[in-house]
Each structure stands twice: as C-alpha cells, then as structure tokens.
Amino acid sequence: MTKTKTPSALAADDLEFDNVIDTLSAHKREIMIGGIVVVVLAGSLLLWRLSVTQKNDRADRALADATNALYAGNRPLAATEFQALADRYRDTAAGVEGALILTQLDFEDARWADGLKVLEAIKQSSVIDKFRAPVDGLMGGAYADLKKYDESVKHYQAASDESAYQSIKDIYQADLARILALAGKKDEARKIWADLAARPDSPAVAEAKVRLGELDAAPAGKN
C-alpha cells in the first residue's frame, strides 16, 4: 500500500511572514488611515514652511522699503513704515530690526515713552532671543536719559549678560559703569572699570583707564 506523503513542516520564517500578512490584513483600515495622516502632516508642514518663508520675504522687502525711505531723507514716511513693519511682522527678524530702528528714531526725538513702548511690545516676538541684548541696551540708554538710573543699571546688566561676545559684553559693562557713577555708586563703577582696564583686548580698555583716573582724582579735587 502506498504511504501518503507527510507535508513538510513550515519554516519559522514562513510562519512569521504569514503572521505579518495576517496582521496587515486585519488592520489594513488602520494602516491606511495612518498613512493618510502621515501624508496630511507632511503636506501641512510643507505649507507651513512655505508660509513662513513667504512671510519672511515680505518682511525683508518691507524693511528694505522703510530703510530706503530713511536714507532718502523722508523720516516721517520711514517712521510710519517701520511702525507697520514692527506691528505686522513682529515674529520675523526683519520685524524686530525695524522695531529697533523705529525706537532709535523715537529716542533721537526724545520720545522716550514711545520708544520704550515699541521695545516692550517687541519683547513678545517669537524670534526675540537673538535680539535681547540690543533691546535691553536701548532700554538702558533710554532710562539713563530719563535719569531713572536703577532701571538703566538693570537693563545694561541684562544686555551684558545676554550678549554672546565678550567685546559686546564689555561695551555694555562700560555703559553700566557710567550709569553707576552717575547714580553715586562709584565703588561699583570703579570695580567694573578696573576689570576692563586689566584686559588689554577689551574695546573699553582705554576709557576704563581714563575713568579710573577720574574716580581716583575726585576725592583729592574736593580738598
């Protein structure tokens, strides 16, 4: 009698492959939905990037137009365009740059409150991180001119702390020392000037030596 041939056992790889096929078949709806979600997310990300790029391009053009108006001598038009730039494109680098220029124009005309208002608004920008130092530096100068020395000291110190480069830190430290001296805090000012004078590579070294001489000579001059 002829024996029936026993089927050969399935290899482990064949079983695993069959399991994968079964799983895919059972969950094909979920997989299709997941694929659609990925495509939608990818498309949304692409559109968002395109929108950001277009917004930055428009902001750059607006900054160029406002700057050209300023260089052409049309200060009122430039101020209007810089204000519009700061309002509309606050979350772009060009928008922040426009706000800084607008602030300088305000301060040149002694409109301290207007300039400080612009700076406070721009602090809410999503791209403010790399502009924190110049913003605080401008605020320090404004408060110094308003003779609000404590506020000026606070902002000049912040500007120095926020600066990425030692040379810029030193410039803000020099500003800080001048205000401390005006506020009557000469010991604190002397400490800063001494630190700056001790570093030959500091851009403030020459002024620091002069200021130290002035502070040291001041008591003798009163006798």
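**Close-up views of a predicted helical chain**

**View 1. Confidence across the whole chain.** Welcome to this predicted model, in which the protein chain has an average pLDDT of 83 and 74% of the residues score at least 70. Over residues 6-11, however, pLDDT stays under 50. For this stretch the model has one contact beyond four places in sequence. Where pLDDT is low, the predicted coordinates should not be read in detail.

**View 2. A chain of helices.** The protein chain contains 10 helices and zero strands. If you follow the sequence along, the pattern reads α-α-α-α-α-α-α-α-α-α. Of the 223 residues in the protein chain, 31% are buried. Take the contacts between residues at least 6 apart in sequence: 45% of these join residues at least 24 apart.

**View 3. How helix 7 and helix 8 are arranged.** Two packed helices are described by the angle between their axes and the distance between the axes. Here, helix 7 (residues 149-162) packs with helix 8 (residues 166-182) at an angle of about 165°, and their axes lie 8 Å apart. Because of that angle, helix 7 is roughly antiparallel to helix 8. Their crossing is left-handed.

**View 4. The residues where helix 7 meets helix 8.** On the helix 7 side, the residues taking part include Tyr149, Val153, Tyr156 and Ser160. Among their counterparts in helix 8 are Lys169, Tyr172, Leu176 and Ile179. The residues of this contact between helix 7 and helix 8 divide into nine nonpolar, four polar and three charged.

How values were computed: Residues are numbered from 1 along each chain as its sequence is written. This is a predicted model: local features need pLDDT of at least 70, side-chain atom pairs count only at pLDDT 80 or more; totals for chains, interfaces and linings use all residues. Side-chain values use heavy atoms; hydrogens and water are left out. Axes are lines fitted to C-alpha atoms, for helices over the stretch in contact, and angles run from 0 to 180 degrees between N-to-C directions. Helices (H or I, at least four residues) and strands (E, at least two) are DSSP runs, numbered from the N terminus. Angles under 35 degrees count as roughly parallel, over 145 as roughly antiparallel, 65 to 115 as roughly perpendicular and the rest as oblique. A crossing is left-handed if the near helix is turned anticlockwise from the far one by less than a right angle, and right-handed if clockwise. Contact means heavy atoms within 4.5 Å. Ala, Val, Leu, Ile, Met, Phe, Trp, Tyr, Cys and Pro count as nonpolar, Asp, Glu, Lys and Arg as charged, and the others, Gly among them, as polar. pLDDT is the predictor's confidence in each residue, from 0 to 100. Buried means under 20% relative accessible area, exposed over 50%, partly exposed in between (1.4 Å probe, protein chains only).
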